[in-house]
Each structure stands twice: as structure tokens, then as C-alpha cells.
Amino acid sequence: AAASSLSRTCTLVADREAVQAMGNIDGLAGGLVLLHGTASQKRQLQRRELRSLLEDAQADFPANLRWPLWFEAFTKGSMEPVLILRLAELRDLEEKYGWKAASPSWWTWFMSWIGR
């Protein structure tokens, strides 16, 4: 349990630091979806529905239900926690720190940068 706690803490700290450097969660969340998302999640990203993914993750996995899922991901040997958990945590950080969503022009640049 201690190693799982440390793993979760390190992931959350790294995510928070990345978001603070960028100023919003959209870039990190979009990158995570590109790397770890299902085909359906990637299509949602292409349709610019990242905000829906984030809000759904937060609604489907309230903070009090996440710990067992983080622990399960760790004990099964997964190097990365389940994507939906990270998206839910990012949405919580956004609310906690009052970060704003990325502007539409940012999305245009991001999607062109990844070649979509």
C-alpha cells in the first residue's frame, strides 16, 4: 500500500507541475488521451470533446472512489494508472487552482501539431 501511495503521489505531483507550467490542463489531458486513450476517446479528442471526457471522468469517479482503483492499477503491475483516473484528478486540480480551459485557438494549434 505504501508503494501504491507513493506511485499515486508522484503521478499527481508530476501532472500538477506540468499543468502549472502550461497554465491549463488541456494539453496534458489531450496528450494522455493520445497516448493511453481508447479509439473512442481519441475520436472524442479529434471532435474537440476533451472537456466532456474530463467532466465525465470526474463525475464517474468521485474522489472518494478513486483510491481503490489506483491501488488496483498499481498491484496489477501497471506503470500508468487508468487514464480515466488521471483525467478525473486533472479536472479536480483545475477546479482547485482555478485554471481556465484552453482557448479555441490553442486547440487549433494542438490538433494541427499532432497532424489531425
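A crossing of two helices is left-handed if the near helix is turned anticlockwise from the far one by less than a right angle, and right-handed if clockwise. The exercises below use a predicted model, in which local features need pLDDT of at least 70, side-chain atom pairs count only at pLDDT 80 or more, and totals for chains, interfaces and linings use all residues. Residues are numbered from 1 along each chain as its sequence is written, and side-chain values use heavy atoms, with hydrogens and water left out.

**Exercise 1.** State which elements make up the protein chain.

Step 1. Helices (H or I, at least four residues) and strands (E, at least two) are DSSP runs, numbered from the N terminus.
Step 2. The protein chain has seven helices and zero strands.
Step 3. Read from the N terminus, the order is α-α-α-α-α-α-α.

**Exercise 2.** Describe how helix α5 and helix α6 pack.

Step 1. The axes of α5 (residues 63-75) and α6 (residues 83-97) come within 11 Å and cross at roughly 145°.
Step 2. The crossing in which α5 passes α6 is left-handed.
Step 3. With contact taken as heavy atoms within 4.5 Å, Ala63, Arg66, Leu69 and Trp70 of α5 meet Leu85, Arg86, Ala88, Glu89 and Asp92 of α6.
Step 4. By class, the residues of this contact are five nonpolar, no polar and four charged. Here Ala, Val, Leu, Ile, Met, Phe, Trp, Tyr, Cys and Pro count as nonpolar, Asp, Glu, Lys and Arg as charged, and the others, Gly among them, as polar.

**Exercise 3.** Is glutamine 41 buried or exposed, and what does its side chain reach?

Step 1. Glutamine 41 lies in helix α3 (residues 39-46).
Step 2. Buried means under 20% relative accessible area, exposed over 50%, and partly exposed in between (1.4 Å probe, protein chains only).
Step 3. Glutamine 41 has a relative accessible area of 14%, so it is buried.
Step 4. Its side chain reaches the backbone nitrogen of threonine 38 at 2.8 Å.
Step 5. Apart from neighbours within four places in sequence, glutamine 41 is in contact with Val33, Leu53, Leu83 and Ile84.

Technical notes. Polar contact = N/O pair within 3.5 Å; in protein donor to acceptor, adjacent residues only side chain to side chain. Axes fitted to C-alpha atoms, helices over the stretch in contact; angles between N-to-C directions.
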